[in-house]
Each structure stands twice: as structure tokens, then as C-alpha cells.
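This report describes one protein chain, from its overall form down to single residues. The sequence and the model come first.

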Amino acid sequence: MTDMKQIEPIAFMAHIPHTDFDYLEDTIKEYPIGSYAISAETSETGNEHFHFFIQMLDKDYHSFSKRVFKEKYNLRGRALKDKARQYGKIKKITDLDKMLSYTLKDGNFRTNMPKETIEKAFNKSRQKQE
């Protein structure tokens, strides 16, 4: 069994309708994960998408992305001419606190992290926007 406390969180995003929030959360919980935060956002152009900040193994991310992003939603992982990328993973997170704040910034999120951790990160994200 993997000790999740030793696994650094990963961050990724996907252009999926907000109506599928339950599906995404339920599906990610089928994998061996530690702490997680999933947020639903709408871009300035009106595109609904999700940000994920999850403690999980890279192999499980690839399995999840194949199952959900590629097979269920048929999303593009690469930008094409005149077409933006529809899902992707951040290669290296340099500041975990900032990444969590960024994930939570719009306030529409679900998580299993301690309330104090979330409040601190969310308050930091709100200060920057003001």
C-alpha cells in the first residue's frame, strides 16, 4: 500500500461542464488518493472547466485522464491550430500553497482537506483578487 503522505499533490485542469461535478468527484475517489480539492470555474470567454489539486500517483492520474478526459469526454490534450487544449497537467508545482489558493479562487469547490487549510488558502486567493 502506498503512503499518500509521501506523495506530492499534482494539479491539472479539464474543460468539462459543471453539471458533471458529482461524476468527477465520485470517479476520482475510485483511485487511491490522499487530500484533494476540485473546483469548478467559468473562464472570461464562458468556458466551463475544472481545476484539480490532488495527492495521487502519476500512474493513477494517467489512468484517470485516459478514462475520463479521453474516453468519456473525448478532450484534446494538445492545442491544435485555432483550437485550445481541453485538458492538461502542470509539470512542476513550485509552490503548493499558491497552487491550492489558485485552485480555490472562485469559491466553487469540493475538498477533503482540513477546514483551516482551506480557509487559509481561500483567504490568500481572495486577497490577491481584491
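## Overall form

Of the 130 residues in the protein, 41% are buried, where buried means under 20% relative accessible area, exposed means over 50%, and partly exposed lies in between (1.4 Å probe, protein chains only). The model is predicted: local features need pLDDT of at least 70, side-chain atom pairs count only at pLDDT 80 or more, and totals for chains, interfaces and linings use all residues. Residues are numbered from 1 along each chain as its sequence is written, and side-chain values use heavy atoms, with hydrogens and water left out.

The radius of gyration is 14 Å, which agrees with the value near 14 Å for a compact globule of 130 residues; this radius is taken over C-alpha atoms, and the globule rule is 2.2 Å times the number of residues to the power 0.38. The C-alpha trace spans about 45 × 40 × 30 Å along its principal axes. Of the contacts with a separation of 6 or more, 64% are between residues 24 or more positions apart, contact meaning heavy atoms within 4.5 Å.

## Surface and charge

The protein has an accessible surface of about 8,300 Å², and carbon and sulfur atoms hold 47% of this area. Accessible areas come from the Shrake-Rupley method with a 1.4 Å probe; for residues, only the protein chains shown count as cover.

There are 23 positive and 20 negative side chains, with the centres of the two sets 6 Å apart. Lys and Arg count as positive and Asp and Glu as negative, while His and the chain ends are not counted. Each charge is placed at NZ of Lys, CZ of Arg, CG of Asp or CD of Glu.

## Secondary structure

The protein contains 4 helices and 5 strands, in the order β-α-β-β-α-β-α-β-α from the N terminus on. These elements are DSSP runs numbered from the N terminus: helices are H or I with at least four residues, and strands are E with at least two.

## Glutamate 41

Glutamate 41 belongs to strand E2 (residues 33–42). This residue counts as buried because its relative accessibility is 5%. Its side chain makes a polar contact of 2.6 Å with the side chain of lysine 105 and one of 3.4 Å with that of histidine 51. A polar contact is a pair of N or O atoms within 3.5 Å; within protein, one must be able to donate a hydrogen and the other to accept it, and residues adjacent in sequence count only if both atoms are side-chain atoms.

Leaving aside neighbours within four places in sequence, the residues in contact with glutamate 41 include His18, Asn47, Glu48 and His49, as well as Tyr102, Thr103 and Asp106.

## Helix H3 and its start

Helix H3 covers residues 96–104, and Met99, Leu100, Ser101, Thr103 and Leu104 are buried in it. An α-helix has 3.6 residues a turn, so residues three or four places apart point the same way. Aspartate 95 caps the N-terminal end of H3, with a side-chain oxygen 3.0 Å from the backbone nitrogen of aspartate 97.

Leucine 96 is in helix H3 and is partly exposed, at 32% relative accessible area. Not counting residues up to four places away in sequence, leucine 96 touches Glu8, Pro9 and Phe53. From leucine 96 to isoleucine 10 the C-alpha distance is 9.2 Å, across 86 residues of sequence.

## Other buried positions

Threonine 27, in helix H1 (residues 21–28), is buried with a relative accessible area of 2%. Beyond its neighbours within four places in sequence, threonine 27 is in contact with Phe64, Arg67 and Val68. Methionine 56, in strand E3 (residues 48–56), is buried at 1%.

Glycine 88 lies in strand E4 and is buried, with a relative accessible area of 9%. With residues up to four places away in sequence not counted, glycine 88 touches Phe12, Met13 and Tyr61.

## Positive phi in a loop

Most residues other than glycine have a negative phi. Asparagine 74 is not a glycine, yet has a positive phi of about 55°. Its place is in the loop between helix H2 (58–72) and strand E4 (87–89), and asparagine 74 is exposed at 63% relative accessible area.

Aspartate 82 lies in the loop between H2 and E4, and its phi is positive, near 65°. Aspartate 82 is exposed, with a relative accessible area of 76%.
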